[in-house]
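This briefing is intended for a reader meeting the structure for the first time. Please consult the sequence and the three-dimensional view shown here before turning to the points that follow.

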Amino acid sequence: PEMITDGETGVLCPIGDDAALAAGVEALLDDPERGKRLVERARARLDAEFSVPAMAAAYQRIYEEVTARASH
């Protein structure tokens with residue numbers, strides 16, 4: 001759920017809900033263009049928020065915030 005926004009970058013189903021999973025897969029099979037859009041958005045989000053450079057920048061911001069607080 002941290003990486004996927006339901007309906008935007010993927011399809012989330014409750015854990016253990018086989019019927020919801022089947023319905024989600026069936027909906028994507030019935031609408032391959034929607035599936036392509038979800039994949040494109042997911043890739044863009046992963047690159048922007050979870051790539052190595054993005055994660056390094058996020059850790060650097062956290063480090064700078066922590067060290068700035070510690071020096072006060």
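This is a predicted model: local features need pLDDT of at least 70, side-chain atom pairs count only at pLDDT 80 or more; totals for chains, interfaces and linings use all residues.

With which residue does E65 form a salt bridge? The partner of E65 is R69, and the closest N and O atoms of the pair are 3.8 Å apart.

**Confidence of the model**

- The protein has a mean pLDDT of 94, and 100% of its residues reach 70 or more.
- Among the elements of the protein, α1 has the highest mean pLDDT, at 97, while α3 has the lowest, at 94.

**Salt bridges**

- The count of salt bridges comes to 3.
- E65 and R69 both belong to helix α3, which spans residues 52-70. The two are 4 residues apart, or about one turn of the helix.
- E65 is partly exposed, because its relative accessible area is 44%. R69 has a relative accessibility of 61% and therefore counts as exposed.
- A salt bridge also joins the side chains of K36 and E33, with an N to O distance of 3.5 Å. K36 and E33 are 3 residues apart in helix α2, so about one helical turn separates them.
- With a relative accessible area of 48%, K36 is partly exposed. E33 also counts as partly exposed, at 46% relative accessibility.
- E49 and R45 form a salt bridge in which the closest N and O atoms are 3.3 Å apart. Because E49 and R45 are 4 residues apart in helix α2, they are separated by about one helical turn.
- The relative accessible area of E49 is 40%, so this residue is partly exposed.

**R45 and its surroundings**

- R45 is a residue of helix α2. Besides its salt bridge with E49, the side chain of R45 reaches the backbone oxygen of E2 at 3.2 Å.
- Not counting residues up to four places away in sequence, R45 touches E2, M3, I4, T5, T9 and F50.

- T9 is located in the segment before α1, the helix of residues 18-30. Is T9 buried or exposed? T9 counts as buried, because its relative accessibility is 10%, and the limit for a buried residue is under 20%.
- A polar atom of the T9 side chain lies 2.7 Å from the backbone nitrogen of T5.
- When residues up to four places away in sequence are not counted, T9 touches M3, I4, L38, R41, A42 and R45.
- M3 likewise has its place in the segment before α1. Its relative accessible area is 40%, so M3 is partly exposed.
- Leaving aside neighbours within four places in sequence, M3 is in contact with T9, R45, L46 and F50. The C-alpha atoms of M3 and F50 are 8.3 Å apart in space, although 47 residues apart in sequence.

**A nonpolar surface patch**

- Which residues make the nonpolar surface patch of about 290 Å²? The patch is made by M3, I4, L12 and L46.
- L46, one of these residues, is found in helix α2, which covers residues 32-50. At 32% relative accessibility, L46 counts as partly exposed.

**Distances from helix α1**

- A22 is placed in helix α1 and counts as partly exposed, at 44% relative accessibility.
- The C-alpha atoms of V25 and E40 are separated by 17 Å, and the two residues are 15 residues apart along the chain.

Technical notes:
Residues are numbered from 1 along each chain as its sequence is written. Side-chain values use heavy atoms; hydrogens and water are left out. Buried means under 20% relative accessible area, exposed over 50%, partly exposed in between (1.4 Å probe, protein chains only). A polar contact is a pair of N or O atoms within 3.5 Å; within protein, one must be able to donate a hydrogen and the other to accept it, and residues adjacent in sequence count only if both atoms are side-chain atoms. Contact means heavy atoms within 4.5 Å. Patches are made of residues with over 30% relative accessible area and no salt bridge: like charges are joined within 9 Å, nonpolar side chains (Val, Leu, Ile, Met, Phe, Trp, Tyr) within 5 Å. Accessible areas come from the Shrake-Rupley method with a 1.4 Å probe; for residues, only the protein chains shown count as cover. A salt bridge is a side-chain nitrogen of Lys or Arg within 4 Å of a carboxyl oxygen of Asp or Glu. pLDDT is the predictor's confidence in each residue, from 0 to 100.
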